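Please find below a short note on the model under review. The points are numbered so that each may be checked against the structure.

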Amino acid sequence: MARRPVPRQMRAPAERGGPTARQQVLARRRMTLIGLGLAVPLTLAAALFTGSTVLLFVNLVFDVALAGFIAMLLQIKQAQQVSRPKWTLDPEDEVRVVQ
């Protein structure tokens, strides 16, 4: 007897083929880091090339934003490591009781 396919909206998010919520969050963080990482040297180069103090202050704002974003990422990473158990038991491992 053939099994009927499960409707797309009833499947788990990973089975639907679209990105999961975690993947979306990581992609947004990656794009923000890339954007800030590009904005810092570009605004600094523009400030030095034009001699503009306004662009230098804009660069300073991007520097502070990048430093704050990296600090936030490190804080999230540290919180995740604390909440994760130090060890896990692999269900494939053999467990023996010694008496």
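What percentage of the 99 residues of the protein chain count as buried?

1. Burial. Of the 99 residues, 8% count as buried. The accessible surface of the protein chain comes to about 9000 Å², and carbon and sulfur atoms hold 64% of that surface.

2. Confidence. This is a predicted model. The average pLDDT of the protein chain is 85, and 73% of the residues score at least 70. Among the elements, helix α2 (residues 21-50) has the highest mean pLDDT, 95, whereas helix α1 (residues 13-16) has the lowest, 63. Where pLDDT is low, the predicted coordinates should not be read in detail.

3. Elements. The protein chain has three helices and zero strands. Read from the N terminus, the order of its elements is α-α-α. Of the contacts with a separation of 6 or more, 47% are between residues 24 or more positions apart.

4. A buried asparagine. N59 lies in helix α3, which spans residues 53-83. Is N59 buried or exposed? N59 counts as buried because its relative accessibility is 5%, and the cut-off for buried is under 20%. Leaving aside residues up to four places away in sequence, N59 touches V40, T43 and L44. The side chain of N59 also reaches the backbone oxygen of V40, at 2.7 Å.

5. A nonpolar patch. M31, I34, L38 and L42 make a nonpolar surface patch of about 430 Å². One of these residues, L38, has its place in helix α2.

Notes. Residues numbered from 1 in each chain as written. Predicted model: local features only at pLDDT ≥ 70, side-chain atom pairs only at ≥ 80, totals over all residues. Heavy atoms only, no water. pLDDT = per-residue confidence, 0-100. Helix = DSSP H or I, 4+ residues; strand = E, 2+ residues; numbered from the N terminus. Patch = residues over 30% accessible without salt bridge, like charges linked within 9 Å, V, L, I, M, F, W, Y side chains within 5 Å. Areas by Shrake-Rupley, 256 points an atom, 1.4 Å probe, with all protein chains shown as cover. Salt bridge = Lys/Arg side-chain N within 4 Å of Asp/Glu carboxyl O. Buried < 20%, exposed > 50% of the residue type's maximum accessible area, 1.4 Å probe, protein only. Contact = heavy atoms within 4.5 Å. Polar contact = N/O pair within 3.5 Å; in protein donor to acceptor, adjacent residues only side chain to side chain.
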